[in-house]
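Subject: The structure we talked about

Hi,

Here is the structure I promised to pass on to you. Have a look at it first, and then read my notes below.

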Amino acid sequence: MNYTFQFTEVWRELPYLLGGAAVTLQIAFITFWCGAFIGIFGALAKVYGGPISKRVTSYYVTFFTNTPALVQVFLLYYALPDAGVLLSSMAAVLVGLTLNAGAYLTEILRAGVVSVRVSEMEAATALGMSRLQLLRYVMLPHIAKTIYAPLSNFFVWLVLGSSLAALFGVEELTGRAINVSTASLRSIETFTIVAMIYVVLTVLASGSLALVGRLAFRVKAKVF
Amino acid sequence: MFGQIAEQVPLFFNYHNLVFLLQAAGRTLAMTIIGCTVGLVCGFLIAVLRRSLSIWLLPLRLIGIAYVEFFRRIPFLVILFIVLFVIEPLVPGASLLFIATVSICLLSTAFLSEVIRAGLESVPPQQIEGASALNFNAIQTLFLVVLPQSWRVILPPAAAFIVMFIKDTSLASQLGVIELTFAGKMLVNRGFSPLLGFGAVLLCYFALSYPLSRLAAYLEKRLASP
Amino acid sequence: MHHLEIRGLSSAYGKTEVLKDVSLSIDKGEVVSLIGPSGSGKSTLLRVLIGLTPPTGGEVFVAGDRVDYRQRKQLRTLRDKMSIVFQQYNLFQNMTVMRNVTIAPVKIKRRPSKEANEAATRLLEKVGMSDKHDAYPNELSGGQQQRVAIARALAAEPEILLLDEVTSALDPERVNEVLDTIRSLTDEGITMMIVSHEMAFVREVSTRVAMMDDGQIIEYGTPETIFDAPKEARTREFVSKILRH
């Protein structure tokens with residue numbers, strides 16, 4: 001096979017690519033926090049809500065977790081204009097990924113809420129704790145410990161999932177990779193380097209999350 | 001908008017379209033099934049490799065670890081592109097479906113090997129000691145004692161991952177594989193409302209994923225530690 | 001020639017020496033019990049003998065042949081002649097009682113199934129578990145599981161049987177049924193090494209008793225000597241503490 005690997009052209013574009021990595025992280029952050037916002041309401045609805053809110057939340061979660069994010073964003077991007085709402089690529093991706101994330105986060109947060117042990121609550125009540133104190137000293141620390149690992153994993157998953165924005169022209173890491181590879185024709189080199197950047201990103205992300213978890217929440221997490 | 005959709009509905013749900021969607025769904029399913037089968041087998045091999053202690057296998061073991069850690073941490077879209085650009089020059093006549101399937105295999109091997117490894121590790125070491133004391137060799141211990149006991153830890157997350165793979169196949173549409181998502185795009189290009197086109201596609205995905213999700217949930221409940 | 005001879009056996013875990021220069025000789029048909037405080041190395045000695053824990057020094061001879069624990073082939077030959085029953089029974093959870101007992105003879109020793117099944121039936125009857133052939137371990141009590149474990153160890157037709165605190169994990173009511181089983185075995189001429197805290201039982205069935213402490217054998221003698229007239233201070237201390245209960 002007469003193909004000489006030439007990384008220099010791609011190496012020159014490294015700053016450009018790293019800029020894309022920054023956009024990737026931005027997308028991940030936004031979708032995570034907006035999704036978490038939805039998730040909190042969803043989790044509370046599923047655990048403490050009336051039958052209607054429970055059902056609606058269930059449908060929401062089931063729908064978004066059993067269908068691909070790509071098609072969800074397609075729907076937003078192509079169908080909404082018919083109804084008069086024109087979303088930019090970035091907006092469509094953000095809204096779509098947020099709704100998607102919200103569904104998964106509802107489940108993660110719900111698992112956290114139900115993980116509080118009744119026995120601890122009873123013991124605390126018997127000791128005379130008020131409901132607010134119960135929340136602060138018994139429920140929240142336990143929930144935080146339970147959900148921290150799944151949340152970290154989910155954030156890393158979002159970092160990887162943001163790559164579908166590239167298919168809508170958003171210039172995050174994968175999008176810029178496509179640009180560089182079409183310009184330089186050095187496809188394998190470009191994508192190999194971009195893959196490496198993703199690995200570094202995810203390792204840094206899970207590493208720092210694990211560190212924060214250990215320090216703030218005393219949660220022991222594995223990076224590898 | 002809804003008036004337009006109402007007009008299109010009878011045109012949309014004709015025989016031709018339904019067959020088209022079914023074929024596309026078939027491709028989605030084929031990619032997933034082949035990908036997962038290969039993933040389970042290769043993942044199993046890597047998991048066993050990682051648990052072995054022999055010095056001779058060390059280089060292979062390191063390759064296995066590097067493989068899993070790499071392919072777990074990159075987006076599927078990037079895997080698709082890399083496989084595309086690597087295979088195209090090597091195998092000139094390779095179909096897009098082939099490339100997409102190889103990509104799913106690479107992805108599923110990485111994830112499933114971790115699931116299987118966790119399952120194998122969940123078997124208490126005393127079981128292995130019991131086998132060892134009875135003169136079982138490594139292979140006998142693995143297949144007669146360890147593997148049968150690791151199913152309950154392997155199946156629920158494995159089922160959940162398979163649902164994830166079904167959804168990942170939608171990215172193969174970017175390559176041009178005529179699977180469900182691409183079919184949706186084609187229908188919209190033919191003039192149908194995006195709501196109808198993609199909506200139908202979403203329903204198909206749902207029909208494929210939901211039973212599996214329910215199975216995963218059921219397995220999780222049933223196989224949870226007693 | 002001694003059936004089992006141990007000379008200067010040592011075993012270390014990292015920097016900690018768990019067995020220090022242990023020497024013991026056992027003749028065919030003897031029942032030797034190991035007693036002593038926790039952490040004295042009794043279980044480790046059995047584990048080293050069966051090859052689950054590597055020795056760091058010393059030698060072991062079975063029927064005059066030296067055993068090299070680093071060689072797989074020798075380990076195989078050794079385990080043909082020696083069986084162990086663990087404190088935690090270690091029954092295969094995914095197999096029925098019958099399968100647990102027949103699997104080694106069929107898969108390892110390559111006996112025909114029919115023969116193995118008949119032998120297993122006899123063994124299960126001997127340990128009093130005839131009516132539980134098709135039960136799974138998680139359906140049985142601790143005592144029942146332990147008796148199946150004994151049957152499984154015997155199915156391998158060992159010359160030497162090692163019993164590692166086999167009643168320690170059982171409810172008090174279950175202990176006796178297992179001790180009865182072991183008692184009946186001692187009449188059959190198998191060489192046995194028993195690690196146990198059940199002093200009355202040890203005294204009754206053993207031909208000789210070894211007192212261990214801190215990785216070494218402090219004293220080795222007949223049950224009468226060890227329990228009634230111990231020579232060493234530590235033996236006296238231990239025996240008096242135990243027998244006070």
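Chain C is built from 9 helices and 10 strands. Its radius of gyration is 18 Å, close to the 18 Å that the globule rule gives for 245 residues, so chain C is as compact as a globular protein of that length. Along the principal axes, the C-alpha atoms of chain C fill a box of roughly 55 × 45 × 35 Å. Of its 245 residues, 44% count as buried. If you take the contacts in chain C between residues at least 6 apart in sequence, 66% of them join residues at least 24 apart.

Please keep in mind that this is a predicted model. How confident is the predictor in chain B? The average pLDDT there is 90, and 98% of the residues score at least 70. Within chain B, confidence is lowest in helix α1 (residues 2-12), with a mean of 71, and highest in α5(B), at 94. Where pLDDT is low, the predicted coordinates should not be read in detail.

Now to a pair of helices in chain B. Helix α3 (residues 58-71) and helix α5 (residues 96-121) of chain B pack at an angle of about 110°, and their axes are 9 Å apart. Angles from 65 to 115 degrees count as roughly perpendicular, so that is how α3(B) lies relative to α5(B). Which residues meet there? From α3(B) come Y67(B), V68(B) and F71(B), and from α5(B) come L106(B), L107(B), A110(B), S113(B) and E114(B). Sorted by class, this contact has 6 nonpolar, 1 polar and 1 charged residues.

Next, the places where chains touch. Between chain B and chain A, the contact takes 31 residues from chain B and 30 residues from chain A. On the chain B side, α3, α4 (76-90), α8 (180-189) and α9 (194-223) each supply at least two residues. Of these, α9(B) gives the most, with 10 residues. The chain B side divides into 21 nonpolar, 7 polar and 3 charged residues.

Chain B also touches chain C: 17 residues of chain C are in contact with 14 residues of chain B. Which elements of chain C give two or more residues to that side? They are α2 (72-81) and α3 (97-108) of chain C, and α3(C) gives the most, with 4 residues. By class, the chain C side has 9 nonpolar, 4 polar and 4 charged residues.

Enjoy exploring it, and write back with any questions!

Best wishes

Methods. Residues numbered from 1 in each chain as written. Chains lettered and ligands numbered in written order. Predicted model: local features only at pLDDT ≥ 70, side-chain atom pairs only at ≥ 80, totals over all residues. Axes fitted to C-alpha atoms, helices over the stretch in contact; angles between N-to-C directions. Parallel < 35°, antiparallel > 145°, perpendicular 65-115°, else oblique. Contact = placed C-beta atoms within 7 Å. Nonpolar A, V, L, I, M, F, W, Y, C, P; charged D, E, K, R; others polar. pLDDT = per-residue confidence, 0-100. Rg over C-alpha atoms; globule rule 2.2 N^0.38 Å. Buried ≥ 20, exposed ≤ 12 C-beta atoms within 10 Å, placed from the backbone.
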